[in-house]
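Please read the numbered points alongside the structure.

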Amino acid sequence: MGCVNAFQALVRGSSLVPARRLLTAALAGVLLAGCTSGGSSDDTAAARDTPAPTSVPGTADATAAAPVPAPAGRADGVPDLRGFYGQKPAWRTCPAQQTGGRQAVLQCATLRVPLDYAAPDGKTVDLAVYRVPARGPRTQRLGTLAVNPGGPGTSVRGTVAALGQSANLGARYDIVGFDPRGVGGSAKADCADGPLMDRVQAIDPTPDDTAALDEAAAVLAEFGRGCAERMGDLLPHVGTTTAADDMDVFRDALGADKLNYLGMSYGTYLGGIYAERHPDRVGRFVLDGLVDPALDRIANAREQALGFEQAFRAFAADCVTRGGCPFAGTPDDAVRSLRARLDAISAAPIALGTRTLGEAMVSTVVSMRLYNPAQWPALRQLLGSLYAGNPRPMLSAFDETADRALDGTYDSNLPAYHEINCADGRALSAAEAAALAREVAASAPALGPSTVWSWAADCAAPGPDRARPLDGAGLPGMLLVSTTRDPATPHAAAARVRRQLPGSVVVTYNGDGHVAYSQGNGCAVRAVEAFLLTGRLPARDTTCS
């Protein structure tokens with residue numbers, strides 16, 4: 001293919017959170033601003049000659065590894081980490097991955113971290129780490145840029161591969177990332193077989209009576225027990241605080257004195273926690289699609305419900321001007337129409353052979369296609385088919401979104417999503433979800449209830465709700481990016497996060513979709529890349545349109 005000057009499709013798993021829409025970055029692709037060549041020949045050749053590590057993702061006994069002296073700047077207050085700091089990843093070439101019509105020069109390795117930082121002499125976890133070497137001349141390279149696409153639960157592999165091909169950042173930086181524990185190649189979370197996953201995905205977000213609510217609670221409890229049985233010792237140690245400490249071991253393994261970072265969606269939360277815990281290691285930080293750490297789980301779910309409702313109204317306003325739209329009139333009319341259709345499906349789920357299409361599944365498809373306006377035409381067609389009496393395309397779209405195969409098995413990050421939320425104290429009980437869903441239905445009737453229920457879990461290893469503002473005093477200024485009609489990380493968080501990170505500058509994209517950088521807006525992209533390439537923040541807040 002020739003030069004590409006648009007966002008290209010990432011791997012599917014990097015784009016959507018299966019049937020749950022918390023904080024995924026939803027990158028539709030990576031901005032490829034010109035023709036680029038492959039990775040540098042010397043880096044690639046070295047990777048091919050490097051044998052693959054003998055360890056595999058999972059847990060192991062730390063006593064088998066010889067300790068490595070820790071650098072002087074290791075994490076403050078964490079004892080006896082000499083066996084973890086000072087690692088040198090054995091990079092190897094991964095199987096070729098197609099990105100934007102080209103083969104990504106993706107390298108992989110593993111990194112060993114303690115299962116429990118409070119007991120570093122015990123078991124360990126192997127993290128999957130990824131790299132695309134910078135393509136530009138060595139004299140122009142800026143080191144490493146770590147990325148996290150969000151989720152929680154989304155593998156970073158596709159994002160590293162895609163962003164490594166970008167004309168600007170990929171030329172100057174090694175693009176790197178790691179799968180947090182429980183995610184992707186890092187001891188991936190596992191909670192359920194296919195039939196139970198089907199039941200979790202189909203939980204009715206508008207239960208009609210106590211019996212229906214009890215059934216939902218029972219399904220979540222069964223799923224939670226499955227997490228405990230299948231994940232064992234890993235389960236209590238998948239939270240964001242632990243991932244932030246893993247990130248510092250990763251930084252050291254890269255040979256970086258300071259971490260440069262592009263965090264998107266949930267990745268902004270992870271980046272904020274890292275900065276607070278390792279303030280002396282903060283380099284150039286961009287946080288795009290802001291999550292407010294100060295919101296408790298109830299307020300967070302409520303605000304996101306309003307965000308998805310606003311995004312649906314924006315879609316509806318566009319839809320009614322185009323052919324094939326099942327709605328007519330105003331966005332308010334479209335909201336009432338969709339709510340009536342969802343209520344009908346809730347009362348009588350649609351049988352399709354051995355399958356059933358329920359309200360939660362339709363809501364999932366609608367919500368996920370609000371992440372990027374490029375998906376609005378497909379959503380218009382799906383809703384048109386549903387309203388015309390042909391629900392099968394909607395079922396197929398759900399299966400694609402949820403990573404459900406034809407045989408009923410799932411390759412889903414839903415377990416990681418659930419258990420990271422549980423460890424962070426951000427999950428809702430079934431009773432809390434039901435009460436909040438009834439509350440938000442007044443102001444967000446179309447998608448509010450299903451958004452709230454996407455936070456519901458029965459936690460086998462619950463953590464406390466750690467909601468509190470970041471202590472950003474003394475941190476370097478960061479570039480904060482927010483989109484005015486972002487469904488998953490509403491723009492209301494931007495002002496609050498900025499107050500927590502004094503010295504930072506906000507770039508606002510007045511537009512639609514989740515994560516401004518991934519939408520390809522030239523103004524926002526230039527601001528992000530200029531800061532990452534020069535280290536200079538804009539002189540003042542900027543609004544892009």
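1. Asp246 is buried, its relative accessible area being 0%. The model is a predicted one, and in it the side chain of Asp246 forms a salt bridge with that of Arg181, with an N to O distance of 2.8 Å.

2. A second salt bridge joins Arg281 and Asp257, whose closest N and O atoms are 2.6 Å apart. Arg281 sits in the loop between α7 and β12, and Asp257 in the loop between α6 and β11, 24 residues apart. Arg281 is buried at 12% relative accessible area, whereas Asp257 is exposed at 52%.

3. Arg496 and Glu303 form a further salt bridge, with 2.8 Å between the closest N and O atoms. This pair links helix α16 (Arg496) to helix α8 (Glu303) across 193 residues. Glu303 counts as buried, with 18% relative accessibility. Asp292, Glu303 and Arg496 are connected in a salt-bridge network. The whole structure contains 23 salt bridges.

4. The axes of helices α9 (residues 331-347) and α11 (residues 376-387) come within 12 Å and cross at roughly 55°. α9 is therefore oblique to α11, and the crossing is left-handed. Ser337, Leu338, Arg341 and Ile345 of α9 meet Leu383, Leu386 and Tyr387 of α11. By class, this contact comprises five nonpolar residues, one polar and one charged.

Key:
Residues are numbered from 1 along each chain as its sequence is written. This is a predicted model: local features need pLDDT of at least 70, side-chain atom pairs count only at pLDDT 80 or more; totals for chains, interfaces and linings use all residues. Side-chain values use heavy atoms; hydrogens and water are left out. Axes are lines fitted to C-alpha atoms, for helices over the stretch in contact, and angles run from 0 to 180 degrees between N-to-C directions. Helices (H or I, at least four residues) and strands (E, at least two) are DSSP runs, numbered from the N terminus. Angles under 35 degrees count as roughly parallel, over 145 as roughly antiparallel, 65 to 115 as roughly perpendicular and the rest as oblique. A crossing is left-handed if the near helix is turned anticlockwise from the far one by less than a right angle, and right-handed if clockwise. Contact means heavy atoms within 4.5 Å. Ala, Val, Leu, Ile, Met, Phe, Trp, Tyr, Cys and Pro count as nonpolar, Asp, Glu, Lys and Arg as charged, and the others, Gly among them, as polar. A salt bridge is a side-chain nitrogen of Lys or Arg within 4 Å of a carboxyl oxygen of Asp or Glu. Buried means under 20% relative accessible area, exposed over 50%, partly exposed in between (1.4 Å probe, protein chains only).
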